[in-house]
Structures are given as structure tokens and as C-alpha cells.
Amino acid sequence: MLVFGGIQKTTLVDYPGEVACTLFLPKCNFRCPYCYNSKLVFNESTGVKIPESEVFEFLEERKGFLDGVCITGGEPTLHSELPNFCAKLKKFGLKVKLDTNGTNPEMLKKLVSKKLVDYIAMDIKADPENYDMVCHSPVNMDAINESIGIIRDSKLKYEFRTTVLPKFHTKESLLKIGGWLKGADFYALQQFSPAPEMIDQSLEEASKYAKEELESFAKALKPFFNRIEVRNV
Ligand code: SF4
């Protein structure tokens with residue numbers, strides 16, 4: 001049984017086009033410096049422990065109001081019980097969105113083939129040559145590439161997205177991401193925003209790209225994708 005480290009009871013933005021709640025799972029195999037969920041990542045107490053049974057009590061109360069559930073973290077695919085939980089959500093009549101860092105293609109394959117998710121959002125941390133610089137962890141790029149392929153071929157709704165900081169990304173490196181993901185349906189550039197529980201607190205002072213700069217990157221990347229969006233500006 002899964003135990004969640006947090007819940008957002010209603011969100012209109014996490015699951016595009018749906019009214020949803022968001023559930024947070026602990027643990028992650030990356031250490032992205034800008035990550036604002038450090039307690040979850042390091043599997044420390046968030047002061048919240050929600051067993052599956054409580055999640056379903058809450059969902060029962062919200063029946064007819066919520067369209068779906070977003071499962072985020074941490075990295076949800078580290079939990080072997082995830083497919084079973086998604087199956088219960090589907091049985092409950094809810095759509096399921098999964099946020100992932102793409103390090104577990106085997107889990108993605110299982111979730112997709114068994115139709116246990118409806119929307120997958122995968123973080124693209126950087127261009128392939130600089131991936132480990134951003135996720136601050138050893139990274140298996142074959143696994144990342146396999147996940148990208150599974151998501152693109154899944155016929156599900158999906159998005160690839162990058163949180164953009166001048167420290168880690170330039171226009172050239174973003175264009176490399178464009179070439180890498182060329183032909184994908186949807187890509188989002190997300191503005192970085194410092195948060196109190198970021199993994200690397202020194203980023204509090206880090207510079208950000210201006211809205212206009214992010215929009216100009218999006219314009220340059222437009223030919224690579226069907227849709228592109230700039231977020232959180
Ligand atoms: S941003 Fe995502 S992948 Fe990176 S450390 Fe946080 S939870 Fe893990």
C-alpha cells in the first residue's frame with residue numbers, strides 16, 4: 001500500500017483541462033538543485049502521512065467534483081505499488097496523470113500497456129550532454145531515451161517540460177533539446193521560481209530569464225513541436 005507525503009485537494013492547473021487533486025509520493029533518484037520538494041526527495045517527514053485508504057475516503061467525498069488525480073513526487077515510478085494504485089483510481093472512474101523524471105521506462109511501459117494512466121508529464125532536465133549537471137545524479141540516458149519513446153508512442157496525452165534557468169540552460173542548449181525531441185506533440189518551458197525548501201538554497205539568489213526571453217526561446221523552438229507553452233511567468 002502506498003503512503004503519500006502530501007495532497008493538494010483541488011488543482012485547476014496541474015492536470016490540463018481537468019479538475020484534479022494532486023498526490024505527492026516520497027523518494028527520488030535525482031537531486032535537481034531547484035527542486036522545491038526536498039523533504040519528499042530525501043524521504044524526510046513532511047508532517048503528512050496519507051495512506052491509500054484515506055485517499056479513497058477523500059475521493060469518495062469528492063465524487064462527481066474531481067475529474068482526475070495527478071500523481072507526483074518525488075519520483076512516483078520508484079514505487080512498485082504504483083500500477084496497483086492507478087488501477088484502483090481508474091476503477092473509481094478517475095483520470096490519472098503521472099509526473100515522472102523518466103528514469104523508469106519499465107514502469108512506464110507497464111502503466112501504458114495496461115491503460116492505467118491518461119496523461120504523462122516527463123521532465124526534460126537539460127540537453128543530453130548536460131543532463132547529469134542538472135539532475136546532480138548519475139543518469140542512464142538510455143533509460144531516459146526509452147521513456148521518451150514510450151511516451152511518444154503511447155497515443156496518450158503527454159507533455160515534455162523543462163524548468164529553465166540561465167545557470168543551466170542557454171538558447172543553444174534549449175535548441176538541442178528541440179532537435180532531440182523533434183516532432184513531439186507538446187513541450188513546455190517552465191519559469192524557475194525560488195522556494196523555501198529548495199534542494200540548493202544558493203539558488204535563492206539565482207538569476208531568471210525574463211518573460212520576453214522565455215517567449216523568444218519558445219518562438220525559436222516552435223518548429224520542433226506541435227504545441228509549445230511558456231509557464232509560470
Ligand atoms: S525536480 Fe523532480 S526529479 Fe528533480 S529532484 Fe525534484 S522530484 Fe526529483
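These legends describe close-up views of a predicted model. Local features need pLDDT of at least 70 and side-chain atom pairs count only at pLDDT 80 or more, while totals for chains, interfaces and linings use all residues. Residues are numbered from 1 along each chain as its sequence is written, and side-chain values use heavy atoms, with hydrogens and water left out.

View 1. Strand β7 covers residues 119-123; strands (E, at least two residues) and helices (H or I, at least four) are DSSP runs, numbered from the N terminus. Of its 5 residues, 5 are buried, so β7 is largely enclosed by the rest of the structure. Buried means under 20% relative accessible area, exposed over 50%, and partly exposed in between (1.4 Å probe, protein chains only). Tyr-119, Ala-121 and Asp-123 point one way from β7, and Ile-120 and Met-122 the other way. In a regular strand the side chains alternate between the two faces of the sheet. Strand β6 (residues 95-100) runs parallel to β7 and is joined to it by 4 bridges; strands pair if DSSP finds at least two bridges between them. Leu-98 has Ile-120 of β7 as its bridge partner.

**View 2. Gln-8 in strand β2.** Gln-8 belongs to β2, residues 6-11. The residue is partly exposed, at 34% relative accessible area. Val-69 is 61 residues from Gln-8 in sequence, and their C-alpha atoms are 10.0 Å apart.

**View 3. Glu-61 in helix α2.** Helix α2 spans residues 52-61 and includes Glu-61. Glu-61 is exposed, with a relative accessible area of 65%.
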